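Let's take a friendly look at how side chains meet inside a protein. Have the 3D view ready and follow along.

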Amino acid sequence: MRRGTRFWFVGSHRDWEAERRRQERAAEQARQKRERERKAQGQQRLQAEAAARDAEAADRTRQVEARVEELEALLRSSLTRNPRIRFAALRRKPEVPLLDLGPLANPLAAPVWQPPPSPGWLQRKFGGEQRYETALRQAEAEHQYRETQRQKEVVERRRAHQARVSEAERAAAEHNALVDAIGAGLRVGGRHAVSDYMDMVLRASPYPEGFPTGRKTGYVPESSLLAVEWCLPPPEIVPENKLFRHMMGTGRPALSGVQCPEPDLDEPPRAAGSSST
């Protein structure tokens, strides 16, 4: 019995030890699995962040390229565009919508009454015919009042519309007189007419966003000199960087700009398509 008991104890200990080792292996495997999942998730997060920074760098580069193209095309488009202004196109016509009276345009329908059946002796005694005539007169009076109010409203709306037409005609005539005066002065080389025409040409020209539009123009007929005073935009209007890159593992910011070469501000600009020998 003692030996049997001893064997049972040894067998139970071995089983317990094997179970313990199995549980340890299972726990280690679970820990390793969690670690692999954590690393995989971290890698996916890094990849997503890198893709987002790549997309941001590409988007900012496209914006820079579009801005540079806009600035470079400014001179080219100015050389190919005809700046002439046709005075006939500057004239205005008074534009006022037609008067729409809606339901007020039609007179109100008069009330139509059907004569009631001939009253009997008892109804005539208690004033049946008189009540009918009174109701008819009240309906006609109410219709007349409403029709009078409609006509007054029509008159008021016509008066207001005519006032708008007169104001539009006055404004158009004043504007057209100014256009005619500029045209007449331009043909004889008038000082103010030439200056005003040049200002209209500059106003009609396209400019990039942020380009200053404050200017003064002056013409000296004695010397045929046309002067334009214009504050040019600062160098900051040109993008500092020509493209952006996503820098990885360099200790630099996530996005790094590649700067444009410094322009020579002392070199005079050349027209597009010109060449030097």
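What follows goes through ring pairing, a nonpolar core and some charged pairs.

## A pair of rings

First, keep in mind that this is a predicted model. A pair of aromatic rings is described by the distance of the centres and the angle of the planes. The structure has 1 aromatic pair. In that pair, the ring centres of Phe87 and Tyr197 sit 5.7 Å apart and the planes meet at 25°, so we call the pair stacked; the cut-off for stacking is under 30 degrees.

Are the two partners buried or exposed? Tyr197 has a relative accessible area of 17%, so Tyr197 is buried, because buried means under 20%. Phe87 comes out at 22%, which means Phe87 is partly exposed.

In soluble globular proteins, nonpolar side chains tend to be buried together. Here, the largest nonpolar core is made of 5 residues: Ile85, Ile182, Tyr197, Met200 and Val201.

Leaving aside residues up to four places away in sequence, Ile182 touches Phe87, Ala193, Asp196, Tyr197 and Met200.

## Charged pairs along the helices

Side chains of opposite charge can pair when their charged atoms come close. How many salt bridges does a search of the whole structure find? The search turns up 16.

Start in helix H1 (residues 2-80), where Arg38 and Glu35 are 3 residues apart, about one helical turn. Their side chains form a salt bridge with an N to O distance of 2.4 Å. Glu35 is partly exposed, at 27% relative accessibility.

Helix H4 (residues 128-187) holds Arg159 and Glu156, again 3 residues apart. Their closest N and O atoms are 2.8 Å apart, and Glu156 is partly exposed at 43%. Also in H4, Arg170 and Glu167 are about one turn apart and join in a salt bridge at 2.7 Å, N to O. Both ends are partly exposed: Arg170 at 42% and Glu167 at 41%. Elsewhere, salt bridges with shared partners tie Glu17, Arg20, Arg21 and Glu24 into one network.

Note on methods: Residues are numbered from 1 along each chain as its sequence is written. This is a predicted model: local features need pLDDT of at least 70, side-chain atom pairs count only at pLDDT 80 or more; totals for chains, interfaces and linings use all residues. Side-chain values use heavy atoms; hydrogens and water are left out. Rings of Phe, Tyr and Trp (its six-membered ring) pair if their centres lie within 6.5 Å; planes under 30 degrees apart count as stacked, over 60 as edge-to-face and the rest as tilted. Buried means under 20% relative accessible area, exposed over 50%, partly exposed in between (1.4 Å probe, protein chains only). A nonpolar core is a set of buried Ala, Val, Leu, Ile, Met, Phe, Trp, Tyr and Cys residues joined through side-chain atoms within 4.5 Å. Contact means heavy atoms within 4.5 Å. A salt bridge is a side-chain nitrogen of Lys or Arg within 4 Å of a carboxyl oxygen of Asp or Glu. Helices (H or I, at least four residues) and strands (E, at least two) are DSSP runs, numbered from the N terminus.
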